[in-house]
Amino acid sequence: KTEDGHPLTVSTDFTLSRADGDNVGEYLISIILNQDSENVKYYQDKHGIKLTEGIFTINKYSVPIVWGDFSGSYTGEVQYPTATLTKAKETDDVSVGGYLPYDDNYNCKSAGEQKCKVTVLQGSCASNYSLESETNVCVYSIDQCKATINWNSFSSEYTGEIQHPNASLTK
């Protein structure tokens, strides 16, 4: 309503128009006073309403990550827990696209405590999302590799030389 109680009806007196687009970005928005409205002259004369254009902004949506349980032993290869985006629109093509060690203190392949972070999102809708910083990092542990030494059976006569059985290592 106007300050003197005159009703404003968006559907008959005004038309709200916005440039097409549903992705992150800025869009032109306009309010148009309908010329066929009986209130047009009232708004313009009585209240001095002037309609201008503006900018409507859609910002990136911050999505949290849920980290899966990790159980793994040293393999010499980089290993990460599984990271899954939550709260992303179900129909949007967006997923976790890359991991990196958290910093130079971690390599994500040695046995012991490791720390990694998600670095990028992927998919055709990825540019509409940002990573929630509180869930972007994961601390996990890589177990030491279990190794077994296998000794061959060995039998020999005394030679005066050092003799020993052969051994092999199984991981």
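Predicted model: local features only at pLDDT ≥ 70, side-chain atom pairs only at ≥ 80, totals over all residues.
**Notebook: aromatic rings and a surface patch**

I started with Tyr99, which comes out partly exposed at a relative accessible area of 25%.

Next I looked for the ring partner of Tyr99. Tyr80 and Tyr99 have ring centres 4.8 Å apart and planes at 15°, so I logged the pair as stacked. The two come from distant parts of the chain: Tyr80 is in the loop between E5 and E6, Tyr99 in strand E7 (residues 95-101), 19 residues apart. Tyr80 is partly exposed too, at 23% relative accessibility. I also found Trp67 tied in, as ring pairs link Trp67, Tyr80 and Tyr99 into a cluster.

Then I checked how many aromatic pairs there are, and the count came to four. One of them is Phe70 with Tyr140, edge-to-face, with 5.1 Å centre to centre and 65° between the planes. This pair spans 70 residues, from Phe70 in the loop between strand E5 (65-67) and strand E6 (83-85) to Tyr140 in strand E10 (residues 137-142). Buried or exposed, I wondered about Tyr140? Tyr140 is buried at 7% relative accessible area, under the 20% cut-off. Phe70 is partly exposed, at 23%.

I moved on to charges over rings. Tyr102 has the charged end of Lys115 over its ring, 4.1 Å from the centre. The charged end of Lys117 sits over the ring of Tyr102 as well, 5.9 Å from the centre.

Ile149, Trp151 and Leu169 make a nonpolar patch of about 380 Å². I placed Ile149 in strand E11 (residues 148-151).

Key:
Residues numbered from 1 in each chain as written. Heavy atoms only, no water. Patch = residues over 30% accessible without salt bridge, like charges linked within 9 Å, V, L, I, M, F, W, Y side chains within 5 Å. Areas by Shrake-Rupley, 256 points an atom, 1.4 Å probe, with all protein chains shown as cover. Salt bridge = Lys/Arg side-chain N within 4 Å of Asp/Glu carboxyl O. Helix = DSSP H or I, 4+ residues; strand = E, 2+ residues; numbered from the N terminus. Phe/Tyr/Trp six-rings, centres within 6.5 Å; stacked < 30°, edge-to-face > 60°. Buried < 20%, exposed > 50% of the residue type's maximum accessible area, 1.4 Å probe, protein only. Lys NZ or Arg CZ within 6 Å of the ring centre and 35° of its normal.
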